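Here are my notes on the entry you sent. Please read them with the model open beside you.

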Amino acid sequence: MGPVRPHRGGIAAGAVSTVRQLGFAIGIASLGSAFAHFAANSLTEAGRPDASQVANALSAGQAQDVLTSAGNDRHQLETALHQAALSGLHAIFLIAGIAAVVAGLLAYVLIRPSNTPLNTPTQQTEAASVPA
């Protein structure tokens with residue numbers, strides 16, 4: 001918030017806070033969806049007929065509930081859940097890393113330092129302070 005004039009500091013702080021909160025919400029939602037998608041793909045490859053439901057339960061933290069209702073194939077389902085969780089985590093870490101690199105490059109390219117120092121009064125301010 002360095003380049004913002006002091007009388008606009010509250011507006012800038014509110015805008016930064018709003019964008020930060022939106023970024024958290026959108027980022028968590030999109031990465032959660034990606035996790036469920038890649039976990040479902042892994043469960044489908046493992047031969048689970050209900051892969052989408054199991055992946056949604058896994059992404060919601062309900063793996064124990066899925067395992068308790070597994071019955072005889074508990075060990076096979078547990079192995080598939082571990083593999084699905086690893087597949088989902090691998091994918092979202094890769095996506096988040098790529099997004100961070102792209103955001104860093106965009107910030108480097110698009111954000112330029114201000115040429116006018118903030119503590120130096122502008123010509124308009126100087127003209128207003130000079131008595132007539």
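1. What share of the contacts in the protein with a separation of 6 or more comes from residues 24 or more positions apart? Such residues account for 53% of these contacts, where a contact means heavy atoms within 4.5 Å.

2. This is a predicted model, in which local features need pLDDT of at least 70 and side-chain atom pairs count only at pLDDT 80 or more, while totals for chains, interfaces and linings use all residues. Residues are numbered from 1 along each chain as its sequence is written, and side-chain values use heavy atoms, with hydrogens and water left out.

3. The protein contains five helices and zero strands, and its pattern along the sequence is α-α-α-α-α. Here helices are DSSP runs of H or I with at least four residues, strands are runs of E with at least two, and both are numbered from the N terminus.

4. Of the 132 residues, 19% count as buried, that is, under 20% relative accessible area with a 1.4 Å probe, protein chains only. The protein exposes about 9800 Å², an area from the Shrake-Rupley method with a 1.4 Å probe. Carbon and sulfur atoms supply 64% of that area.

5. Helix H1 covers residues 9-45, 37 residues in total. From first C-alpha to last, H1 reaches 53 Å, close to the 54 Å expected at 1.5 Å a residue; the expected span is 1.5 Å times one less than the number of residues. After H1 comes Gly 47, whose phi is positive, near 90°.

6. Which residues of H1 are buried? They are Ala 12, Ala 34, Phe 35, Ala 36, Ala 39, Ala 40, Ser 42 and Leu 43. They pack against helix H2 (51-59) and helix H4 (74-110). An α-helix has 3.6 residues a turn, so residues three or four places apart point the same way.

7. H1 and H2 pack at about 135°, with axes 8 Å apart; axes are lines fitted to C-alpha atoms over the stretch in contact, and angles run from 0 to 180 degrees between N-to-C directions.

8. The axes of H1 and H4 come within 8 Å and cross at roughly 140°, which makes H1 oblique to H4. Among the residues in this contact are Leu 31, Phe 35 and Phe 38 of H1 and Leu 81, Gly 88 and Ile 92 of H4.

Notes
Buried < 20%, exposed > 50% of the residue type's maximum accessible area, 1.4 Å probe, protein only. Parallel < 35°, antiparallel > 145°, perpendicular 65-115°, else oblique.
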